[in-house]
Each structure stands twice: as structure tokens, then as C-alpha cells.
Amino acid sequence: MAVTGRLADIAQKSAVLFLAGTTVYYMVNVGLLVNRRMELKKQGKLHEELGRLNDILEAQTANKKSLHAETSTTPTPFPDNDRPGQVKDL
């Protein structure tokens with residue numbers, strides 16, 4: 001009984017440490033993002049940066065028309081019309 005209690009205690013402490021670590025990590029990242037945006041706003045370049053990021057997002061969504069698993073290094077194989085069930089080599 002003491003072994004399961006000790007194991008549960010270790011699991012609980014591990015979960016708490018994991019959640020605390022991820023919280024700190026993301027709060028630091030949000031803080032850095034806010035500081036960067038404040039600096040860009042002071043320099044008057046915030047609108048340009050947000051426009052650039054919006055263009056990148058639009059380019060990514062335009063590329064979503066193809067299959068999501070298809071990349072330049074792993075193209076989607078096409079079925080061979082000569083023999084059903086066979087995939088032709090690329």
C-alpha cells in the first residue's frame with residue numbers, strides 16, 4: 001500500500017512540475033511577444049510587421065488547397081491505371 005501511495009505522490013508531483021514549467025514557458029513567450037510589439041509600436045513599424053505576418057498566413061492558407069500530408073519531399077503517389085491496386089513509382 002505504501003508503494004502505490006509513493007508512486008501516486010511522485011506522479012502528482014511530476015504533473016504539477018510539468019504544468020508549472022509549461023505555464024512559465026508560455027508566459028515568458030507571451031511577455032517577449034508583447035515587449036517586441038511594444039518596441040515595434042514605438043518605432044512605428046508595428047503595422048508593417050503585422051502586414052508581413054498576415055501575408056505569410058494568407059500564403060499558408062492558400063497552400064492548404066492541396067492534400068495536407070503532401071510536401072515537396074513526400075509527394076502523393078498516384079495509382080497506376082494499368083493494374084488496379086498497384087501504385088506507380090514516382
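Helices (H or I, at least four residues) are DSSP runs, numbered from the N terminus. The model is predicted: local features need pLDDT of at least 70, side-chain atom pairs count only at pLDDT 80 or more, and totals for chains, interfaces and linings use all residues. Residues are numbered from 1 along each chain as its sequence is written, and side-chain values use heavy atoms, with hydrogens and water left out.

**View 1. Helix H1 and the residue after it.** The 42 residues of H1 should span 62 Å at 1.5 Å a residue, and the 61 Å between its end C-alpha atoms agrees with this. The expected span is 1.5 Å times one less than the number of residues. Gly-44 follows H1 and has a positive phi, near 80 degrees.

**View 2. The aromatic pair Tyr-25 and Tyr-26.** One aromatic pair is found in a search of the whole structure. The ring centres of Tyr-25 and Tyr-26 are 5.1 Å apart and the planes stand at 80 degrees, so the pair is edge-to-face. Rings of Phe, Tyr and Trp (its six-membered ring) pair if their centres lie within 6.5 Å; planes under 30 degrees apart count as stacked, over 60 as edge-to-face and the rest as tilted. Tyr-25 and Tyr-26 are both exposed (over 50% relative accessible area; buried is under 20%, partly exposed in between; 1.4 Å probe, protein chains only).

**View 3. Glu-49 in helix H2.** Glu-49 belongs to H2, residues 46-62. Its relative accessibility is 13%, so Glu-49 counts as buried.

Definitions and conventions:
Helices (H or I, at least four residues) and strands (E, at least two) are DSSP runs, numbered from the N terminus.
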